[in-house]
Amino acid sequence: MCPLLLRWLGVGLLLLLLTGCVGRVMPPEPQSLAHPVDIYLLDHGRHSSLVLPHAEGGVVRYSYGEWRWYVEGRRNFPAGAAAMLWPTEAGLGRGIHPEIESPYQFHRLAPEGVAEVYPFQAEASRVQALQRHLDGHFERAEVEPVASEEFGLEFVPYPRGYSAAHQSNLVVARWLRALEVEVQGSPWFSNWRVDES
């Protein structure tokens, strides 16, 4: 059997296994947080992003995705298949919105639409550490950020490639874990269930 056919069969099997998977999110108990801050998981239908407080007021939205798909707008079958079969270039997106204070306004920071907003709290020091890490990609970028009006974000290249095992929802789950938010299962298809704390 040819290697390409084996890869396609593998991807097909993986998709079948992941179709019913849900990412169960269990935020920390509020009483366990010394300095809680509000954070938000945004479900856009097929991908997700994370909204954190901005130091100067408002919020910052972070998103991860395949460079050709999100930044260059190349949304054809060969580009999508390539992203699933082997690592391709990835981008980190950031949108700073000092004017937005309420989740009721979040439709303004995600032009692609918001299917669901999941609010919860995390420890302030962990949120700040994650923001420093993510913002560091923008500070170290050797190119100017590329603006995407379609997503309301500026993108810089991300050092780890995009693949079926490292796609947007799985990266957001990893960010949540860095905030001591427990994530069980697989939110591969942006199937999230947030437990009430």
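User: Before I look at the overall picture, what do buried and exposed mean here?

Analyst: A residue is called buried when its relative accessible area is under 20%, exposed when over 50%, and partly exposed in between, with a 1.4 Å probe and protein chains only. In this protein of 197 residues, buried residues make up 46%. Please keep in mind that this is a predicted model, in which local features need pLDDT of at least 70 and side-chain atom pairs count only at pLDDT 80 or more, while totals for chains, interfaces and linings use all residues. Residues are numbered from 1 along each chain as its sequence is written, and side-chain values use heavy atoms, with hydrogens and water left out.

User: How many helices and strands does the protein have?

Analyst: Helices (H or I, at least four residues) and strands (E, at least two) are DSSP runs, numbered from the N terminus. The protein has five helices and 10 strands.

User: Which strands form the open sheet of three, and in what order?

Analyst: Two strands pair if DSSP finds at least two bridges between them. The open sheet has the order β9-β1-β10, with mixed pairing. The strands β9 (182-185) and β10 (192-194) stand at the edges with a single partner strand each, so one side of each has no neighbour in the sheet. Strand β1 (residues 23-26) runs parallel to β10 and is joined to β10 by three bridges, and V25 stands opposite V194 in β10.

User: What does H137 touch, and is H137 buried or exposed?

Analyst: A contact means heavy atoms within 4.5 Å. Located in helix α4, H137 is buried, with a relative accessible area of 10%. Leaving aside residues up to four places away in sequence, H137 touches L92, V156, Y158 and P159.

User: How much space lies in the second largest pocket, and which residues are closest to its centre?

Analyst: On a 1 Å grid over the protein atoms alone, a pocket is an open set of points where a 1.4 Å probe fits, with protein on both sides within 12 Å along at least five of seven lines, and lining residues have an atom within 4 Å of a point. About 240 Å³ of space lies in the second largest pocket. Of the 14 residues that line this pocket, P53, H54, A55, Q128 and Q131 are the closest to its centre.

User: Which element gives the most to the lining of that pocket?

Analyst: Helix α4 gives the most, with six residues, and β4 (59-66), β5 (88-97) and α4 (124-140) each supply at least two.

Notes
Points joined across faces, edges and corners; volume = space filled by probe spheres on them.
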